[in-house]
Amino acid sequence: MKSLRRGAGTDVAGSRPYRPGDDVDWIDWAASARLSTARGGDEFVVRERFAEEAPKIVIVCDRRPEMACYGPPLPWLDKPQAMRTVVELILASAGAAGGFVGYLDYADGEPHWRQPKGERKLIELRDERLWSTEYGGPVDWLERSVDHLASHTRAVTPGTFVFLLSDFIPSPSHELWLAALEHRWDLVPVVLQDPTWEQSFPDVDGIVVPLRDPRSGRTSSVRMRRKEVAARREHNRARTAELLETFRFLDIDPVVVTSSDRATILAEFLLWADLRRTRRVIGA
């Protein structure tokens, strides 16, 4: 990541006259030749670059009961497994980049918080929270998470990557996203949604379907009519489209995960990285 400090890096911060002790490789020979011609003497110009520093990352996991849905042996998105795979990929990437990773969830209503630590601590984080089966988080987990991170300004500095893992159902308000963006974090929503039941709705008209309340665990049998199925499908599609449009409006780049397959999730993250890289080049 580009730092505000000057040092070894790839992004040019500016130019200045050569000073004794400067590395010869820093000399901008074309600019030096032009200046020497203009002044009639040997003048050397060096390029200053922004230093590069290890990225700082915080992973925030939504552990409401709704996020424990669709586990084995059901054939739909296994959200807990998908969440574990996402966390593993982020940890692996952070380790390769020498990054510092923090973690936060509200699995039992209380903050499970780990400040960003280096590679030696990544194994502890993986073992302690990655395989937790606690899914009793509150409905306002995102509001609590934003407030908690905002209270740790030294650990969560501007520019920190904040990965938010959730299905975002119901969709958070615009005001909440704006409040998070005020802290100048690099927000990355990882949207974990089942493509059949949450981004659309299957043709189950005339069929008795068992529906389970994730908080109470109670199951009820429901027979839906064709119009009800169509209305639910349109509602789910519109809800997903509205969520993604909100991200586009706020200039936030989400990662959409609809499978717990590791290769598929990795492909989505690589696409996300390519899009960010392309936007930076166009913006420059």
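This passage describes selected contacts, pairings and surface features of a predicted model.

Local features are reported where pLDDT is at least 70 and side-chain atom pairs where pLDDT is 80 or more, whereas totals for chains, interfaces and linings use all residues. Residues are numbered from 1 along each chain as its sequence is written, and side-chain values rest on heavy atoms, with hydrogens and water left out.

An aromatic cluster is formed by Trp141, Phe168, Trp177 and Phe247. Rings of Phe, Tyr and Trp (its six-membered ring) are taken to pair if their centres lie within 6.5 Å, with planes under 30 degrees apart counted as stacked, over 60 as edge-to-face and the rest as tilted; by this rule there are 12 aromatic pairs. The ring centres of Trp141 and Phe168 are 6.3 Å apart and their planes stand at 45°, so this pair is tilted. It links distant parts of the chain, since Trp141 belongs to helix α4 (residues 141–150) and Phe168 to the loop between β7 (161–166) and α5 (174–181), 27 residues apart; helices (H or I, at least four residues) and strands (E, at least two) are DSSP runs, numbered from the N terminus. Phe168 also pairs with Phe247, the ring centres being 6.3 Å apart and the planes at 80°, so that this pair is edge-to-face. Here the two residues are 79 residues apart, with Phe247 in helix α6. Trp141 and Phe168 are both buried, as is Phe247, where buried means under 20% relative accessible area, exposed over 50% and partly exposed in between (1.4 Å probe, protein chains only).

Helix α6 (residues 226–249) also holds Thr246, which is buried at a relative accessible area of 9%. Leaving aside residues up to four places away in sequence, Thr246 touches His174 and Trp177, contact meaning heavy atoms within 4.5 Å.

The structure contains 16 salt bridges, each defined as a side-chain nitrogen of Lys or Arg within 4 Å of a carboxyl oxygen of Asp or Glu. Arg64, which is buried with a relative accessible area of 5%, forms one with Asp62 at 2.8 Å, N to O, and another with Glu66, in which the closest N and O atoms are 3.9 Å apart. Asp62 is likewise buried. A further salt bridge joins Arg144 and Asp140 (3.1 Å, N to O); Arg144 is partly exposed at 31% relative accessible area, and Asp140 is partly exposed at 29%.

Strands β9 (residues 208–212) and β10 (residues 219–223) pair in the antiparallel sense over five bridges, pairing being assigned if DSSP finds at least two bridges between two strands. Val209 has Val222 in β10 as its bridge partner. The two strands form a hairpin with six residues between them, and Gly217 in the turn has a positive phi of about 80°.

On the surface, Tyr18, Val24, Trp29 and Phe44 form a nonpolar patch with about 400 Å² of accessible area together. Patches consist of residues with over 30% relative accessible area and no salt bridge, like charges being joined within 9 Å and nonpolar side chains (Val, Leu, Ile, Met, Phe, Trp, Tyr) within 5 Å; accessible areas come from the Shrake-Rupley method with a 1.4 Å probe, and for residues only the protein chains shown count as cover. Phe44 lies in the loop between α1 (29–39) and β3 (45–52) and is partly exposed, with a relative accessible area of 35%.
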